Every structure is written in structure tokens, then in C-alpha cells.
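Visitor: Hi, could you walk me through this structure?
Guide: Happy to. Here it is.

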Amino acid sequence: SGNLWIGTHSGGLNRFDPSRKKFTCYKNGRNPQTISSNTVHPLCHDHTGTLWIGTWGGGLSRIDPLNQHTGLYDESSGLSSASVFTLCEDRRGDVWIGTLGRGLNRFVPTTGKFEHFRHDPRNPRSLSNDLVSALYEDARGILWIGTGRGLNREKGWGMILWSAVFFV
């Protein structure tokens, strides 16, 4: 639609409409159904037009700009942490959520369910660290996961993680 979405440290979420030269501010407190925290870190625009909003301390929010339908997800709804560090939509339409110290979540919008992936020191094929700071799906459909202890690669539907730790 040509809008620019801007996440801020404590000023909420802002939308700039360049055709009208107008800003709209979404803040927690003005409309608590819109965003769950005024500290917005990652944003992800999915294939349906929904905007996913990761926040520090408020979990995950979403806005469907077509019908203004909103949703909030936090620990009570299945998200492993209220502090979201990174977001990525995969080719299946699932939303991957990296958290600050509580691992990786996969949210399946069609079911409304979360699946969690955590570091397990007894399992070398688990996530290498629970701080997930980067997510990227490549052209082959492989999900790359940057953690506090290196790079992980998702292998297959069952989320088998291979870890490779790099120190520079």
C-alpha cells in the first residue's frame, strides 16, 4: 500500500502514509488491542498483508490493515517470552519468533498454535542458545537461526537443528 511502518524504542508503532503525508501512531494505552508495548523491535509483513509486531515485554501483536483486525500473543497464549527479538514468515505462512533468552517459537496462523524450540545441553542437535537474534529463510526453504552462540540451520519439517558455533 506504500505505507512505511516504523517501530520505536518507547514511542510505539508509527505508520507514515506518503500519499497523504500523514503519520498515525499506535501506542499501548490508547488502544490496548493494537500493540502490547510501546517498545517495538522487529516488524514482519506477511503474504496476507498482516503486520506482525514484536515488542519488548509485551509479546507479539498483529494488525490486519485490510479489516483492522488485531491480535495479541503473550505467554498466556503460548508464546515462550514477552520479549521478541526477531520475526520471519516462512514459505508455508508460519511465523517464526526469536526471543530474548526463551528460544524460538513457530506460530501457525491457521491453527493459532505455538511450537517451541529451546537449547538442551544434552542434545547437540537442539538450538545452540535460547537468545535468538536473527532469522532468515533462504531460497531453498532452509531457515537460518542466529543465536547468542552461533548459527543454526533448520533441517526438515520436524525442526531438527544443526548447530555451528563461530567465534571471530
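**A hairpin to start with**

Guide: Strands β12 (residues 132-137) and β13 (residues 143-147) run antiparallel and are joined by five bridges. Strands here are DSSP runs of E with at least two residues, numbered from the N terminus, and two strands pair if DSSP finds at least two bridges between them.

Visitor: Which residue stands opposite tryptophan 144?
Guide: Tyrosine 136 does, facing tryptophan 144 of β13. Five residues lie between the strands of this hairpin, where glycine 141 has a positive phi near 85°.

Visitor: Before we go on, what kind of model is this?
Guide: This is a predicted model, in which local features need pLDDT of at least 70 and side-chain atom pairs count only at pLDDT 80 or more, while totals for chains, interfaces and linings use all residues. Residues are numbered from 1 along each chain as its sequence is written, and side-chain values use heavy atoms, with hydrogens and water left out.

Visitor: Let's pick phenylalanine 107. Buried or exposed?
Guide: Phenylalanine 107 counts as buried because its relative accessibility is 2%. This residue lies in strand β10. Leaving aside neighbours within four places in sequence, phenylalanine 107 is in contact (heavy atoms within 4.5 Å) with Trp52, Tyr73, Asp94, Val95, Ile97, Gly112, Lys113 and Phe114. Its C-alpha atom is 5.7 Å from that of aspartate 94, 13 residues apart along the chain.

Visitor: What about arginine 106, where does that lie?
Guide: Arginine 106 is in strand β10 too, which covers residues 104-108. With a relative accessible area of 3%, arginine 106 is buried.

Visitor: Which side chain does the arginine 106 side chain make a polar contact with?
Guide: The side chain of glutamate 115, at 2.4 Å. A polar contact is a pair of N or O atoms within 3.5 Å; within protein, one must be able to donate a hydrogen and the other to accept it, and residues adjacent in sequence count only if both atoms are side-chain atoms.

Methods: Helix = DSSP H or I, 4+ residues; strand = E, 2+ residues; numbered from the N terminus. Buried < 20%, exposed > 50% of the residue type's maximum accessible area, 1.4 Å probe, protein only.
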